[in-house]
Each structure stands twice: as C-alpha cells, then as structure tokens.
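User: I am new to this structure. Please pick one part and take a close look at it for me.

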Amino acid sequence: MSRERIVSGEIISPEEESFILSLRPKKLNEYIGQRKLKEKLRVSVEAARQRGEACEHTLFYGPPGLGKTTLAHIVANEMDSSLVATSGPSLSRTGDLMGILTNLKEGDVLFIDEIHRLSPTIEEFIYPAMEDFKVDFVVDKGAFAKVINIPLKRFTLIGATTRAGLLSPPLRDRFGLYHHIDFYPPEELKEIIVRSASLLEVKIDAESALEIARRSRGTPRVANRLLRRVRDFVQVKGDGVINMELARKALDAEGIDSIGLDHLDRKFLKVIIEYYKGGPVGIEALGATLSEELDTLVDMVEPYLLKIGFLQRTKRGRMVSQDAVSHLGLKIDGSDQQSLFE
Ligand code: ADE
C-alpha cells in the first residue's frame with residue numbers, strides 16, 4: 001500500500017520510470033542542487049580523465065528519489081563511458097555477475113542499486129573485482145575444483161544505498177569515495193520543477209513552482225511526480241496553465257498537506273502523539289500498531305520527518321516534537337487515545 005504513496009521516493013511503475021528518464025539531467029551542469037557534492041564529483045571525474053583512468057569506486061547513500069541513479073549516469077556520461085545498471089536483489093548468481101564484469105570496458109561504470117542487499121556470496125565475489133580488477137572463478141567440483149583467475153578492465157563501481165550503515169564493513173571499505181545525498185531545500189526543488197515544466201512544455205509561474213516544491217518533501221522524484229499530477233489537473237479543470245489556486249487544489253485532492261505530509265506520515269505521527277503520548281516508543285511497536293513493515297517506516301517515512309525536526313530518534317525510541325503536534329492540531333494528553341481506532 002505505502003509503496004504507492006505519491007510522496008514515496010521510490011519509483012512507482014515502469015511507466016513512471018520512463019517519465020523520470022525523460023527529465024533526468026545528463027551532465028553535471030544540468031544537475032540542480034547538491035552543490036558541494038557536484039563540486040567533489042567534478043574534481044574526481046576531471047582528475048580521472050586527465051590521468052586517463054577510471055574514476056574511483058563510489059558509494060552514494062541517502063533516501064530514495066534524491067538522484068543516486070541520476071548521478072551514476074552523469075558520472076558515466078562525463079567520463080564518456082557506458083553504464084551497466086543492476087541491483088543488489090537481482091544479482092543472485094555469480095555467473096550473472098561474472099558475465100556483466102567481463103563485458104565491462106575500460107572506464108565503464110557498473111551501477112549497483114540497493115547494494116546493501118547483495119548476497120554474501122556475491123559480495124565475496126566482488127571484492128577482488130573492486131580491489132584488483134580480477135575475478136576468481138571456481139570451475140569443477142570436489143577434487144577437480146580449480147580457481148581460474150580472470151582479469152577485468154579497470155571499471156568504476158558505483159553503489160547506491162539508503163543507509164551507509166547497512167553495508168558490511170569490508171564492502172564499505174572498498175569504496176574510495178562516499179557521498180551522502182541529502183534532501184533538497186524548496187528553492188532548489190523549485191528550480192527542478194521549473195526545468196521539468198519547461199521540458200514538458202507546461203506553463204508555470206514561480207510562485208506555483210515553489211508551492212509544489214514545498215510539498216515535495218525535499219525529493220526531486222516526488223517534485224516531478226507532483227508536477228505531473230498538477231499538469232493533468234490544470235489540463236482538465238483549467239486552461240492548461242499551472243497557477244497557485246489550481247496547484248493547491250490538485251495537491252490537496254491528493255491528500256498532501258502544505259508541507260508535503262501524506263496520510264501515512266500523519267497517521268505515523270498521530271499514533272505516537274495519541275497512543276504513545278508523544279513517545280518515546282520503539283519502532284517495532286509502531287510497526288505493529290500501524291501494520292506497516294519496519295523498512296517502510298525507517299526508509300520512507302522517518303527520514304523526512306527527522307529532517308524537518310518533527311521526529312527524534314532517541315535511545316529509548318521515537319519521539320515527536322512540539323512542532324509536529326502543533327502542525328497536526330493535536331495535543332499530547334493521552335485523554336483521547338481511543339480516537340485513532342474509532
Ligand atoms: N530531475 C531530478 N533531479 C534533478 C536535479 N537534481 N536537477 C535537475 N533535474 C532533476
């Protein structure tokens with residue numbers, strides 16, 4: 001259910017994937033925001049180019065939808081090389097990975113999304129590939145087993161993960177560069193929305209772009225998704241031009257409030273406030289009360305609430321802030337705990 005939240009940073013459908021692809025910046029100078037990160041990437045790409053080498057293995061970590069995949073493609077484009085994309089969960093057999101690795105050309109980028117979900121066998125297999133650009137392939141079994149050492153071209157592994165802490169230390173240590181991608185401020189999201197609107201040939205004024213930005217919970221993928229919904233709305237209910245009134249109406253109709261919280265965010269906060277008197281409460285208890293998977297809460301609900309200071313993670317559990325209580329127009333007194341479940 002929550003996978004289909006309009007404010008989710010995850011890609012919702014293959015159709016949406018192609019929409020996102022059409023808006024994706026291809027070079028660093030088209031990429032809006034993350035200024036420090038862009039500078040660091042520019043230096044490492046330029047240095048590698050000057051030396052005629054592949055870039056160092058790079059790890060991007062941060063919540064979904066902030067541009068990890070886009071940046072991997074940009075690195076490949078800037079290096080004039082090709083990118084092969086795969087993901088931790090889809091790499092189950094060493095044979096498959098072997099095929100991918102041996103087909104990489106000098107300087108190519110191998111992008112592994114959700115790299116924290118690699119199986120231990122694949123992880124072991126990838127260490128010598130990262131470190132020494134070779135793979136050890138075992139042929140035959142038992143007494144006849146032999147290890148064949150296959151050299152690889154010098155490639156760049158770019159890994160993406162939602163939380164760097166999820167990676168095993170040996171894998172983490174094999175990356176030369178680590179880049180944290182943080183939520184975007186509304187001003188930058190506004191620029192992204194204006195850029196996307198122009199690519200989609202839909203008219204929008206600066207004020208409405210900022211309104212959509214404020215409701216995009218710091219996430220470009222959400223911003224582009226909301227823009228698309230607003231575009232449909234103004235086409236049907238207006239004259240095809242996005243203005244403040246229609247933008248607000250469209251987003252209100254989607255259940256997204258003035259700061260981008262949706263039904264699940266509000267329910268999450270409301271449970272802590274009304275049922276657990278503001279916290280602290282353990283995430284397991286919250287998952288059980290909300291009937292939601294812990295990963296959904298930890299990866300897709302909490303990061304933005306933490307970012308805007310509505311939630312605190314303490315040793316004793318999660319606590320809401322007074323700002324969150326005021327935003328929802330609630331009180332912490334425990335007297336109306338039942339209201340949630342009526
Ligand atoms: N589309 C998605 N993310 C973007 C970004 N950071 N800059 C420009 N366009 C984008």
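Analyst: Start with a pair inside one helix. Glu39 and Arg42 sit three residues apart in helix α2 (residues 35-51), so about one helical turn separates them. Helices here are DSSP runs of H or I with at least four residues, strands are runs of E with at least two, and both are numbered from the N terminus. Glu39 and Arg42 form a salt bridge, and their closest N and O atoms are 2.9 Å apart. The term salt bridge asks for a Lys or Arg side-chain nitrogen within 4 Å of an Asp or Glu carboxyl oxygen. The whole structure holds 26 salt bridges.

This is a predicted model: local features need pLDDT of at least 70, side-chain atom pairs need 80 or more, and totals for chains, interfaces and linings use all residues. Residues are numbered from 1 along each chain as its sequence is written, and side-chain values use heavy atoms, without hydrogens or water.

The protein is divided into domain 1 (34-180), domain 2 (186-253) and domain 3 (263-327), with bounds from an automatic or database assignment. Taken over C-alpha atoms, the centres of domain 1 and domain 3 are 34 Å apart. Four residues of domain 1 are in contact (heavy atoms within 4.5 Å) with four residues of domain 3. Between them, domain 1 and domain 3 bury about 290 Å². That is the accessible area (1.4 Å probe) that the two parts lose on being put together, summed over both. Carbon and sulfur atoms carry 53% of it. On the domain 1 side, Pro63, Pro64 and Arg163 lose the most area to domain 3. Together they make up 86% of what that side buries.

What charged link joins Arg163 and Asp299? They form a salt bridge, with the closest N and O atoms 2.9 Å apart. The count of salt bridges between domain 1 and domain 3 is one.

Next, look at Thr162. Thr162 is in the loop between β6 (156-161) and α6 (169-173). Leaving out residues up to four places away in sequence, Thr162 touches Gly62, Pro63, Pro64, His116 and Asp299.

Aromatic rings come next. There are four aromatic pairs, counted for Phe, Tyr and Trp (six-membered ring) with centres within 6.5 Å. The ring centres of Phe183 and Tyr304 are 5.4 Å apart and the planes meet at 80°, so this pair is edge-to-face. Phe183 and Tyr304 link distant parts of the chain, 121 residues apart. Phe183 is in the loop between β7 (177-180) and α7 (186-199), while Tyr304 is in helix α13 (residues 294-307).

Gly279 and Pro280 are joined by a cis peptide bond, with omega about 5°. Pro280 is in the loop between α11 (263-275) and α12 (283-290). Asp140 is not a glycine, yet its phi is positive, about 65°. Asp140 lies in the loop between β4 (134-139) and β5 (146-151).

Note on methods:
Rings of Phe, Tyr and Trp (its six-membered ring) pair if their centres lie within 6.5 Å; planes under 30 degrees apart count as stacked, over 60 as edge-to-face and the rest as tilted.
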